[in-house]
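Let's walk through this structure together, looking at its strands and its charged pairs.

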Amino acid sequence: MTALLDFHLPKLADTVVEGTVTRWLRPPGEVVRKGEPLVEIETDKVSSELEAPADGVLAEVLVAEGETVPVGEVLARIATSARVEATDRPPSALLGGEAAGPPASASLGHLPPRGGEGGLSPTRRRIAERVLEARATIPQGACVREVDLTGIKRAGRSWTAFFVKALSAATGIADVGVAVDAPGGLVVPVVRAADRLEVRAISELVADLAGRARQSRLEPDEVSGGGITVTNVGGGGTLMAFPLVNPGQPAILATGAVRPDGRCYLTLCYDRRRYDDYAADQLLATIEQELLKLS
């Protein structure tokens, strides 16, 4: 007996409301196994592979590559049958006749996509939306200090790790986002419990998160829940930048390139509803003090 199982787009994170099908990993009519990757989904936060929920045959694909749909939408239907476990017969035989949906040789690229407005990926579109939201709703402020880091012995640890540790200590915020420039757009994975971690552990964690961000292998919960953000603009040689504060966060720390003399510029961009100019300058001074404690 064959039954059709609806394969829904799950809620990948608390703030994710939609996702875009970027690639089907199996064509319609092909046998699939429970737990194997079936489709790639891109959201405004992360790209993920969704696994087949059961053994069976991919009977019907309902959402084309490039199409954006809300959480809960049925992406495809899987024909489940006990006979799938031990047979190599064609999918049409398993379904008791003709395979539902297009044949296995059908090109999914021929299904008409409806997503990707203006050629933007969901990630870049959401970044643009958040920039507009930040400009429109957050009264932005900024202050800059030049700090001397010559006393810090890096010993193989990244500068970003020191900045994450100092920011967490100065603000009392445990979960710190780290901006990473990934192929699909800016991604901000979160270093959890930075207040309790040693700099070396933070350095290793940042390297792991950044590496997986650039490979689109982050889990949804790894890019949500950050309380404040560090963006190391100096990684590309930039001396100073003024990024916009992320909605829902009080500030973002932009760290410039560490020059040969061991000095760099720290820019704190902040929400003026959370800090006035004096309080922001005092916070930046505290961040500098926390950095010097790490030397």
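This is a predicted model: local features need pLDDT of at least 70, side-chain atom pairs count only at pLDDT 80 or more; totals for chains, interfaces and linings use all residues.

Residues are numbered from 1 along each chain as its sequence is written, and side-chain values use heavy atoms, with hydrogens and water left out.

Start at strand S16, residues 263–271. Strands here are DSSP runs of E with at least two residues, numbered from the N terminus. In S16, 7 of the 9 residues are buried (under 20% relative accessible area, with exposed over 50% and partly exposed in between; 1.4 Å probe, protein chains only). Two strands pair if DSSP finds at least two bridges between them. S16 pairs in the antiparallel sense with S9 (residues 140–148) over 9 bridges, with Gln 140 opposite Asp 271. S16 also pairs with S15 (residues 251–255), again antiparallel, over 5 bridges; there Ala 254 has Thr 267 as its bridge partner.

Now for the charges. A salt bridge is a side-chain nitrogen of Lys or Arg within 4 Å of a carboxyl oxygen of Asp or Glu, and the count comes to 17. Arg 259 and Glu 146 meet in one of them, at 2.4 Å from N to O. This pair links the loop between S15 and S16 to strand S9, 113 residues apart.

Elsewhere, Asp 6 and Arg 77 form a salt bridge at 2.9 Å, N to O. Asp 6 sits in strand S1 and Arg 77 in strand S8, 71 residues apart.

Note on methods
Helices (H or I, at least four residues) and strands (E, at least two) are DSSP runs, numbered from the N terminus.
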